[in-house]
Amino acid sequence: MKTAFATLFAGLLAATPLAAQTAADFPTKPMTYIIPFNAGGESDISARFQQSEWEAVTGQQVVIQYQPGAGGAQAWSQLNSLSGDGYTIMGINLPHTVLQPLAGSVGYQTEDLTPVHYFHYTPDAIFVRAESEFTSLEQLVEYAKANPGLVTFAGSGSNSSNNLAAIRFNEEAGVTTTYVPFSGTGPSITAVLGGATMAGFNYATSGVSQGDAMRMLAVASEERLPVFPDVPTFKELGYDIVGGAYRGVAVPSSTSEEMRQRISDIVSEINAQPEFVKKMEDGGFVLTDIGYDDMDAFVAERVEEYTAGAKALGIIE
Amino acid sequence: MDILGYLLDALTPFNLVLALAGVVLGTVIGALPGLSATMAVAVLVPFTFTMDPAAGLIALGAIYTGAIYGGAFAAILVNTPGTPSSIATTFDGFPMAKRGDGGLAVSVATIASVVGGMVGAIALLLLAPPLARVALAFGPTEYFWLAMFGLTLIAALSVGNTLKGLIGACIGLFLSMIGVAVVGGDVRYTLDMQRFLGGIDLTSAIIGLYCVPVILDLVASADPHLKPSAQGGLRTAEGLALSMRSKFNLLRSSVIGTVVGILPGAGGSIAGLVSYSEARRASAKPETFGKGNPDGVIATEAANNATVGGGFIPTLVLGIPGTPPDAIILGALLVQGIKIGPTLFTTDAPVVYTFIWGLLIATLLMLPVGLLIGRYAFASIASVPKAVLAPTVALLTIIGSFAIHSNVDDAQLMVGLGIVAWILNRYGFQPSPIVLGLVLGSIAEQGFVQTWLIGSASDRLPEMFFGRPISIGIIVAALVTLVFPIWADWKARRRKQLAAATAAEDDAGAAIAPEIKTRDVAGMGFAAAFVLLSVAIWMGASGMSMLGMVFPRTIAVALALFSVLLILQNLRRPANPAGRAPLVLDGGALRRLLLAAVLLAWVFVLPELGFLVTSFAAFIVITLIADYDRPPLRTWLLWIAAGAIICTGFWWLMANVLLLRMPAGLLF
């Protein structure tokens, strides 16, 4: 009974706009975490992993909502119209939030968004199905050199991280390949497994869910992934390709500085939970700890990199 | 057999309670247009984190299958698919309800859903790993042809009016292209408006296209919405007998549903449409389809519930979710630490098999739950006075379209499309071809462009499109579906002519005037407007990338072609001797206009004044518009109280249970 009253009182307090919310005791009620994509993708799964730790770290639950549309742009363009009290946060992705505004008018600019923490990335990787004749990247490169254009890569979407990586691979290896965009990781993996395309440029996470059915030829991370100790990185093989999709948490621009810092700290703390680390690493995600302090530098660096990529994609002159 | 042992694990009281609660909740949510299985499953996932994995899965699976089934209620009773899966249920379900067979339609839908659900779940139980290969055998080419197959249903839906049906399909296809293109990444036809970036939302379009015309017609006359049933009740025994007689249809549709369910991205709506068109083709009386043939309801409902079990096959075996709810359930499994993929059926066999048995039990529970809910739903829809029914349905359409993204834009789009659909329907352009185009457009486009990319990479374009065995099968099926209704129509007409000729001989000299269609001036006007639209679509495609441009231009050409044909066809017909029918603005038309104005005002004032206040005000005004009885003050007070309870109840449900962000505005 006592707790019930306490909860009620806390609830009333939170509902009173006059009772100033201090960052220290934040949050005092459940938070809402908007995922700008459909369920089942990497953004959703990593958020669900966070969700299962959220209550232990903050004392409050987080509710995940999906607001898919326009590859995330639908939700991002509305981010700043949401309440800046810290209780509504949104998933944010790179390179999406750099490439989309470059490609066309999508209702927001990269600098309009306020990411407070980028907590992981999924490195791009080249996959072939188990039945494929290719067992190493070298073989694939040789085949592509002998048959320009014939190698087809299935990937998730146009102007995406997968697409950038495929373009970069063409440049680095001096080959011509065909990138075939699909509406997400699921369909593009289906295309690889079913042999509709010769290979796939997907995220390393797919290698975990598919097990032996697919072979990962190379991964675009700095170091080999703990779950795939036998898969070489592009760097080892002599191709300078490191990248993937970064995922983080953003807040509306009206959110106060203290609150931005507090949310960044919450995400950092979840990132350190052993259970969370294990689930993420087993899933093929690479954890990063880019907090609010380092955000400006990190985003600036990425913008520079992706702007160069956008030129290669033909999005900008 | 090991598998049977897991049945006992599924039969614990806790699991049974979860299955029952899940089915009830799912059915109710599915019956409300716009509130989807995805939404319910997403909200409930966190509660399953603390449960045993199998129990959590059973709860989620039960909600999912219940919601797919529940969609039939709205389809039958108010002509609005509760979920996109039940689009084809409206074709025959609503005509049945209109003529007083609504109870029977609900019974038949329930039985078909249970059978379909069982077939899908049994396939999942016994054949999952081999069947998962079907998902892989379907490449982009097959998806393209499958979408084309779906589009051929238009020929059947618009017999005698094929050109208008084709024009409608082109408009639907055009609507499907609005927004950011998946393939190519172009921003297309958004008119630089933020709201169109994400494209036309399918659910809000369906609600608008099907439901708004129903509400508009509802207030235009004093006739009851549904004819009360002569026999009363749900006529379960009759429904059972009917289903027994249609056992082949039931089985065929369940198998189609299972197979389509296995294809990621295809889903329940396509399963329903494909099995509907197959049922129509196989029927001895295809002309009765669309006019209230129970076989149409059986086909759709068996197929869409079979997709539940089917959809779990690629989800569990390949880790590739078949549908959005599957995707959320996939996430829940990963959080539980269960590794999805080919080894799941051996490493985590207890969890998987217990879950599948639970899903089977939940499917069986739909029978009593559905018949019970159905009895009340039907009785209340049939007996509630129009003055309360019309505003309640209107409120549901607005809630439903708003709830999808917590966004008023979708509700505004819904009302706008609905009013346009009513006008178009009046001039012979029916909503179903438009919806078909919208549902199938993106699948067709992606499949087409991907096939084209892969084919040109290897210089095998013709073989890619026409040389793959599964594709050839689908093409043949599509051709049969396309030609059959036209041929059947021609044969029927010829038989009639022959009969008329013999009669004429007997009757020596008494000339029988052939049935002459007169010139459809309004239709020609619309066709001219569509020609202009196609020019605009063509022009708008310049500046897009090659990938993004192919499909819009193809559609523009097709739209222009069909529109010009329609104009030519009408020019050859004689003008209507009676001249133009005068436009009468009688009482019914006036009420309709008023209602359209109120709906528009509702969705545009909503973000300014707040959800609750606007909705309550609109509710009262629509009660006034829909009232024909002029009841005493007491009844009025009762109605107003009902309105207050309904509005507040739904507001509370949305804000506190589904946790949607409600527009607060000035008031609340």
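The model is predicted, so local features need pLDDT of at least 70, side-chain atom pairs count only at pLDDT 80 or more, and totals for chains, interfaces and linings use all residues. Residues are numbered from 1 along each chain as its sequence is written, while chains are lettered from A and ligands numbered from 1 in the order in which they are written.

Confidence was examined for chain A. pLDDT is the predictor's confidence in each residue, from 0 to 100. Chain A has a mean pLDDT of 88, and 93% of its residues reach 70 or more. Residues 1-20 of chain A stay under 50. For this stretch the model has six contacts beyond four places in sequence. Two residues are in contact if their C-beta atoms, placed from the backbone, lie within 7 Å. Where pLDDT is low, the predicted coordinates should not be read in detail.

The two chains touch. Chain A gives 50 residues to the contact, and chain B gives 46. On the side of chain A, helix 7 (185-194) is among the elements that supply at least two residues. Helices (H or I, at least four residues) and strands (E, at least two) are DSSP runs, numbered from the N terminus. Helix 7 of chain A provides the largest share, seven residues. By class, this side of chain A holds 19 nonpolar, 28 polar and three charged residues. Here Ala, Val, Leu, Ile, Met, Phe, Trp, Tyr, Cys and Pro count as nonpolar, Asp, Glu, Lys and Arg as charged, and the others, Gly among them, as polar.

Strand 7 (residues 199-203) of chain A is mostly covered, with five of its five residues buried. A residue is buried if 20 or more other C-beta atoms lie within 10 Å of its own, exposed if 12 or fewer, and partly exposed in between; C-beta atoms are placed from the backbone. Strand 7 of chain A runs antiparallel to strand 4 (residues 114-129) of chain A, joined by four bridges. Two strands pair if DSSP finds at least two bridges between them. Asn202(A) in strand 7 stands opposite Ala125(A). Strand 5 (residues 152-156) of chain A pairs with strand 7 in the parallel sense over three bridges. There, Phe153(A) has Ala199(A) as its bridge partner.

In chain B, the centres of domain 1 and domain 2, taken over C-alpha atoms, are 27 Å apart. Domain bounds come from an automatic or database domain assignment. Contacts link 34 residues of domain 1 with 35 residues of domain 2 in chain B.
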